[in-house]
Amino acid sequence: MDTTKTPAPNAAEADTTPADLAKAETPQPAEAEADSAVTGAATDIDLDDDEAFADDQAEDAEPSHVGSAAFAIVAAGLGVVALSGSWVAGIVSERASVAARLELTQAADANAQIAAQFVDPWHSTAMVNGIFSALALIVATFVLALPAFSSPERTLPTWVRSVSWAGIGLGALGVLIFLLMYFDLLLAIPKAAGAGA
């Protein structure tokens with residue numbers, strides 16, 4: 001009796017069952033981890049690129065110039081107040097008038113009374129308006145000179161420069177009027193007829 005066993009004719013084909021094919025196609029855990037690591041690295045690179053792009057945009061953005069605009073408006077406002085008068089000038093003028101009248105004696109002549117009631121308040125008003133004008137000049141000049149002390153490419157918006165120049169013009173006009181008022185060049189001091197100088 002022959003005890004040798006002959007192999008089945010389709011042994012190789014019998015070994016490859018559908019279950020074995022499914023096992024061969026499923027990814028191994030190490031391969032899955034490698035794929036997730038590559039995907040995570042790509043996501044991190046994209047996030048880093050987005051943050052760098054946002055930083056570049058923030059650096060390239062123009063400054064807001066809020067402070068310069070505010071100071072320019074303040075300078076123009078001070079110039080307008082200096083020319084039109086303020087309640088501060090009114091209070092100082094009234095105080096100067098009262099103080100000058102209190103210093104008068106009963107024997108004071110008409111010119112001394114005119115000086116007490118008119119000249120001293122006039123000069124006090126001119127002084128207050130001159131201070132406001134000088135402040136307008138200083139603030140407006142500071143706004144216009146500010147870009148020279150910062151980065152060279154920084155420039156102020158056109159309307160801020162215009163308002164600053166308006167403040168300089170109003171301040172200069174106020175200083176001129178102050179000089180004319182304080183030194184009695186704008187209007188002569190009235191004199192009483194027949195009274196001594």
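Predicted model: local features only at pLDDT ≥ 70, side-chain atom pairs only at ≥ 80, totals over all residues.
F178, Y182 and F183 come together as one aromatic cluster.

**The aromatic cluster**

- A pair of aromatic rings is described by two things, the distance of the centres and the angle of the planes.
- The count of aromatic pairs in this model comes to four.
- One of them joins F178 and Y182, whose ring centres lie 5.7 Å apart with 35 degrees between the planes, a tilted arrangement.
- Why are F178 and Y182 separated by about one helical turn? Both belong to helix α7 (residues 158–182), and they are separated by about one turn because they sit four residues apart in that helix.
- In general, an α-helix has 3.6 residues a turn, so residues three or four places apart point the same way.
- Y182 also pairs with F183: the centres of these rings are 5.4 Å apart and the planes meet at 85 degrees, so this pair is edge-to-face.
- Is F178 buried or exposed? F178 has a relative accessibility of 16%, so it counts as buried, since the cut-off for buried is under 20%.
- Y182 is partly exposed, with 30% relative accessible area, whereas F183 counts as exposed at 52%.

- L173 is found in α7, and its relative accessibility of 40% makes it partly exposed.
- I177 is found in helix α7 as well, and I177 is partly exposed, with a relative accessible area of 30%.
- I177 and S133 are 44 residues apart along the chain, and their C-alpha atoms are separated by 9.5 Å.

**Helix α6**

- Helix α6 covers residues 110–145, which gives it 36 residues.
- How far does α6 reach from its first C-alpha to its last? The span is 51 Å, close to the 52 Å expected at 1.5 Å a residue.
- Follow the helix along to A116 and you will find a bend of about 40 degrees in α6.

Note on methods: Residues numbered from 1 in each chain as written. Heavy atoms only, no water. Phe/Tyr/Trp six-rings, centres within 6.5 Å; stacked < 30°, edge-to-face > 60°. Helix = DSSP H or I, 4+ residues; strand = E, 2+ residues; numbered from the N terminus. Buried < 20%, exposed > 50% of the residue type's maximum accessible area, 1.4 Å probe, protein only. Expected span 1.5 Å × (residues − 1). Bend = angle between axes of the 7 residues up to and from the residue.
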